[in-house]
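Hello,

Here is the structure I promised to hand over. Please take a look, then read the notes below.

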Amino acid sequence: MSPRAVVEGALAAGLDLIAVTDHNTTENAAAVTGAAAGTGLAVLPGIELTTAEEVHILGLFDAGADLGPFQAEVFRNLPDLPSKQKFVEDQVLVDAEDYVTGFSPRCLFGATLFPVREAVELIHAHGGLAIASHIDREAFSLVSQLGFIPPGLGLEAVEVSPHADAAAARETLGVDAGLPIVRFSDAHKPDEIGAAATDLLIASPTLAEIRMALAGQAGRKVVQP
Amino acid sequence: MTLTDLATRLELTVFTPGIPLDRPVQGGYASDLLSDVIGHARKDDLWVTMQVHPNIVAVAVLKELTAIVLVGGRVPAVETLAQAEREKVPVLGTGAGAFELCGKLYGMGVRGG
């Protein structure tokens with residue numbers, strides 16, 4: 001998915017706010033932010049971290065955040081795998097005009113060395129929101145890998161797949177009453193953009209507002225997961 | 001067969017020295033997906049895994065597993081050990097991979113479900 005295709009897809013789907021959450025990298029988020037400039041679409045940089053247990057944890061960051069130190073820490077903890085991996089698609093680095101500017105040499109599909117708790121702490125240390133991805137899925141989810149949601153993780157929310165029933169998921173997956181459930185498209189291809197979205201009552205599309213909505217503070221809230 | 005016999009014959013590392021190993025091993029289960037273990041392991045199974053997260057102890061308690069064996073030289077997280085000691089769940093380890101260990105266990109008569 002190129003930055004322009006992502007922005008076009010998001011606008012066509014009627015979305016106001018998206019986050020770019022590539023596996024284990026934030027490197028391409030700025031290109032999408034650039035591609036969205038002037039369109040009215042808000043873009044937050046993010047990541048989908050793979051923990052040591054092979055749990056996917058989303059990190060969402062402020063639009064202006066300097067994620068260099070965060071990314072360096074992730075790469076220090078992402079083991080290098082043999083580069084001749086025929087089954088790996090090209091891991092391109094791009095700019096806002098869709099030009100390929102380079103290739104990420106890291107095997108981004110690998111698991112980092114961070115246990116899930118450290119992954120959450122790392123995201124928090126860099127000012128981000130930590131959300132467990134697609135907890136209803138049978139692979140790479142907090143529940144599939146660890147059987148149940150570990151208590152006291154400090155997550156801001158948990159996410160369910162586009163077609164999951166959020167109320168049923170809360171029951172069957174044992175999501176605490178205080179932990180909000182959100183739903184994202186997890187789009188890997190342009191036609192999946194907007195397959196699901198979460199309605200938030202917020203004053204502006206910023207990380208601070210999302211944080212308040214997830215915490216149910218100051219009148220902000222998750223309207224419809 | 002008791003856990004003591006197995007631990008001795010397979011030269012397993014014992015991470016929880018305070019917990020007695022004189023308990024029966026009725027069978028074995030190998031999986032790194034805790035949701036799968038919750039679904040399919042049986043009481044008194046020896047559980048072979050490379051997961052070291054504290055949740056493994058909770059799953060072992062829930063399923064009344066006889067012990068956890070960490071493979072591939074994995075070392076339990078500090079929190080995992082503390083919880084194992086509290087819950088009296090033996091945690092052992094081996095440098096061998098899951099395939100090797102399960103083969104040896106099978107050769108000693110331990111069966112899966």
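A:N28 is buried, at a relative accessible area of 12% (buried means under 20%, with a 1.4 Å probe and protein chains only). This is a predicted model, where local features need pLDDT of at least 70, side-chain atom pairs count only at pLDDT 80 or more, and totals for chains, interfaces and linings use all residues. Residues are numbered from 1 along each chain as its sequence is written, chains are lettered from A in the order in which they are written, and side-chain values use heavy atoms, leaving out hydrogens and water.

A:N28 sits in the loop between β1 (17–20) and α2 (29–36) of chain A (DSSP runs: helices are H or I, at least four residues; strands are E, at least two; both numbered from the N terminus). A polar atom of the A:N28 side chain lies 2.9 Å from the backbone oxygen of A:V92. Leaving aside residues up to four places away in sequence, A:N28 touches A:D22, A:V92, A:L93 and A:V94 (contact: heavy atoms within 4.5 Å).

Now the interface. Eleven residues of chain B are in contact with ten of chain A. The two chains bury about 880 Å² between them, 51% of it from carbon and sulfur atoms (accessible area lost on being put together, 1.4 Å probe, summed over both parts). On the chain B side, B:Q51, B:H53 and B:N55 lose the most area, together 49% of what that side buries.

The interface has one salt bridge (a side-chain nitrogen of Lys or Arg within 4 Å of a carboxyl oxygen of Asp or Glu). B:E79 pairs with A:R117 in a salt bridge, the closest N and O atoms being 3.6 Å apart.

Best wishes

Methods:
Buried means under 20% relative accessible area, exposed over 50%, partly exposed in between (1.4 Å probe, protein chains only). A polar contact is a pair of N or O atoms within 3.5 Å; within protein, one must be able to donate a hydrogen and the other to accept it, and residues adjacent in sequence count only if both atoms are side-chain atoms.
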